[in-house]
Amino acid sequence: MHRWLSKLTPALAVLVVVTGSAFVAVAAQDTAARPPAPTLLRPKTPTRAVDAAGFVQRWLVLEPIRVAGQLTESTVQAAVKTEYFPNQLTVIPRDGDRVTAGDAQLAWHALDTTNYNLNLFHFAYALGKPTSNVLFWAVTVVNAPREMPGVRLAIGSNAASVWWVNGEEVIRLYNDRQSVIDDGVSNRLTLRKGPNVIRAVIVNAGGATDFCARFLDADNNPIKGITTTLEEDRKAAAH
Amino acid sequence: MTYRLVAAAILWLVVPVLVLDGQPGIHDPSTVVLHNGKFYTYGTGGGLPILVSDDGWTWRRAGTLMQALPGGRPGPDVIARGGNNTWAPDVIRVGDRYFVYYSAPGTQPKSAIGLLVGKTLDPESPAYIWEDAGPVVWSDGVEDSNAIDPGVFHDPTNGSLWLTYGSYFGYIRLVELNPKTGKRLYPDRKPINIAINSEASIMIFREGWYYLLVTHGSCCAGANSSYNIRMGRARKVTGPFLDNMGIDMLQGGGKLFVGSSGRHIGPGHFGLLDLADGVQKFSLHYEADLDRGGISVLDIRPLLWRDGWPVAGDNLTEGTYQIESVRTGTALELAVQGMPVGGFRGRGGRGGGGRGAGAGRGEVGPLEPIPSQDAAQVVASWPAGAVDVRLSPYMVQAQQKWAITPVANAGGYPGSPYFKITIAGTERALTATADAELVALPAFTGAAEQLWRIDELTDGTYRLMPKAVPNAKDPLALSAVGSSKPTLDTFKADSDRQRWLLKTP
């Protein structure tokens, strides 16, 4: 099968699978006939623990920004270094916050994913937003029960992505790629006791797009004793 | 019956490729043993010459065993049962002592095997002394046995100790030893015959099988020696030892383990060197090293296992390699933007063809080969200075081709010198960082963090370890922590994270 056609398969599935998801798409001009994202829910609790395999399942995701969709190192780096909205590398948004990127008004959405990964295609499609040649910003705040040195952020992304932990760029993945668990892994880093901000940019060219993320301990085992929050300790996380 | 030559010790400085460095001249080496950080082996010759090495790569002569024995020669009982010669020893550690079994032939096949007992192998130690414990087994010159070439085996299943011995005249024989004394446990029992037509026998054990390795062919004729190591296996220590075709070694069976190759003729006298963590090596000698004037020399090579049989591996040689993670299937590369081989083009044969333009889709005329990509074609687009390394799907690009080159005068490890690992066609060197990560520096400086130990593991994959990692107390190995992320981590034999394939691009 042609690669691009194979990536379309999830999109076709969305057309025929309708679930009882509680995630309601933000109003958009062409979303009337779109079903809700089948794997995404609006958070109902203040915090959420990572899943049994350590995957972070709660994120704030900005509606997609149109980009060229090239995935080489130079084009992804150029896309990441473009300022789309103010404080894009420091902001900790709230659900429903809006930004202006170019001539587009875009909203942040608080999302819980029912899977180990967060399906950005589901997210954008349900909103009637483009899924190809787009760039997604994602942010979450991870609460560590104690200072945790020697850990690694481990992510998978479809397609290219760049990741920051507490403001430091720690992972860069380029080129067209599928979301593979622990594809990109950071150098050893230290999670502060309390809130830690994880930020990502995911660039997609065409077809399916998603990401997953977790932390690994010094023995490369998933870290499970951490939670994510979108509301608490925001001030602390910002510092 | 064979005739043995005492290999001359020749100081020979060589470029560190293939066999060992320094003074590896030896004949009939004992199993190489690691003791207090040094490697030891003993060979045929007056007083049983000693070879010692600090790292397993560079070897030097260190006198003879008999120098530490009162009288400097085998005891009278050994000489009475055999003769004055001292040949082909083997050594094993049992508890806090070492047992050295050595051949003391007279006029073969009249011979004896004597025992020396000591607490240390280090001639510099105040405790260094060997005690003559007398003869262990012997042949009277008429019976179907030639009591030389001892091989001692510690059975890991029950702690028992066994001795195999013999050389062509009659049988390879087996007797059980007393681990407390090193002498025969049941001296009145008849030895068990386990093989014929061979010598230099020794046993090893793995996963329920006892393997008997012996040397076939003729020795001691330099490059005209047909020595080769063969083997059979059995479920019991006493045999029967059958080869891969089911032929009993008592009837001449024996699957080939290793024969002559390259510049080395006549391999013989197998000895297992188990370095733990899935790293096994074997010691042997070649009757003729063509790179050293045809003398007999020691070598240490990787021991692999395949389909229930040991396989003789080869030490890594200089070359250009793809370094592929067993865990992820991705290859180590310089973290630069890759350029497709031949430049960006579609599926068509003439570039930019897109769908429908390729062969079978209307293309006409001969299709021109696309040259391979080397660093010279693309290096101008690479950043100067330190560059990260990562893992990516292998696409035969220049930043994915690593030159692995032995480094002279930098030491080594059992069987090999240290290597530098650079992007082929450049001096960009794979380097361990102080935070146990990896980077490619613009030049090779010879620093310990740029010297790499590359061991072939028993499954044929490789373990790559820097000689030293700044700030790290323990050895670390190249590890695939993610599909795109290499790092340095503690080696774990039960994981694929630190296993790598070295493929020719």
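Hi everyone, let's start inside chain A: the largest nonpolar core has 104 residues, and A:Phe123, A:Phe136, A:Ala138, A:Val203 and A:Phe211 touch the most other members. By nonpolar core I mean a set of buried Ala, Val, Leu, Ile, Met, Phe, Trp, Tyr and Cys residues joined through C-beta atoms within 7 Å. Buried means that 20 or more other C-beta atoms lie within 10 Å of a residue's own, with C-beta atoms placed from the backbone. Strand S8 of chain A, residues 134–144, gives this core its largest share, 8 residues. Strands here are DSSP runs of E, at least two residues, and helices are runs of H or I, at least four, numbered from the N terminus.

Before going on, please remember that this is a predicted model: local features need pLDDT of at least 70, side-chain atom pairs count only at pLDDT 80 or more, and totals for chains, interfaces and linings use all residues. Residues are numbered from 1 along each chain as its sequence is written, while chains are lettered from A and ligands numbered from 1 in the order in which they are written.

Back to A:Phe123: apart from neighbours within four places in sequence, its contacts are A:Ala37, A:Leu40, A:Val61 and A:Leu111. Contact means C-beta atoms, placed from the backbone, within 7 Å. There is also a second, separate core of 83 residues, including B:Tyr98, B:Ala104, B:Val137 and B:Ile204.

Now, where do the two chains meet? In total, 14 residues of chain A are in contact with 8 residues of chain B. On the chain A side, helix H2 (73–81), strand S9 (148–158) and strand S12 (184–185) each supply at least two residues.

Chain B itself splits into domain 1 (21–312) and domain 2 (319–339 + 374–503), with bounds from an automatic or database domain assignment. Their C-alpha centres are 37 Å apart. Where they touch, domain 1 of chain B contributes 19 residues and domain 2 of chain B 15. Strand S20 of chain B gives the most to the domain 1 side, with 6 residues.

Finally, confidence. Chain B averages a pLDDT of 93, and 93% of its residues score at least 70; pLDDT is the predictor's confidence in each residue, from 0 to 100. Where pLDDT is low, the predicted coordinates should not be read in detail. For the complex, the predictor gives an ipTM of 0.82 and a pTM of 0.88. Thanks, everyone!

Terms used. Two residues are in contact if their C-beta atoms, placed from the backbone, lie within 7 Å. A residue is buried if 20 or more other C-beta atoms lie within 10 Å of its own, exposed if 12 or fewer, and partly exposed in between; C-beta atoms are placed from the backbone.
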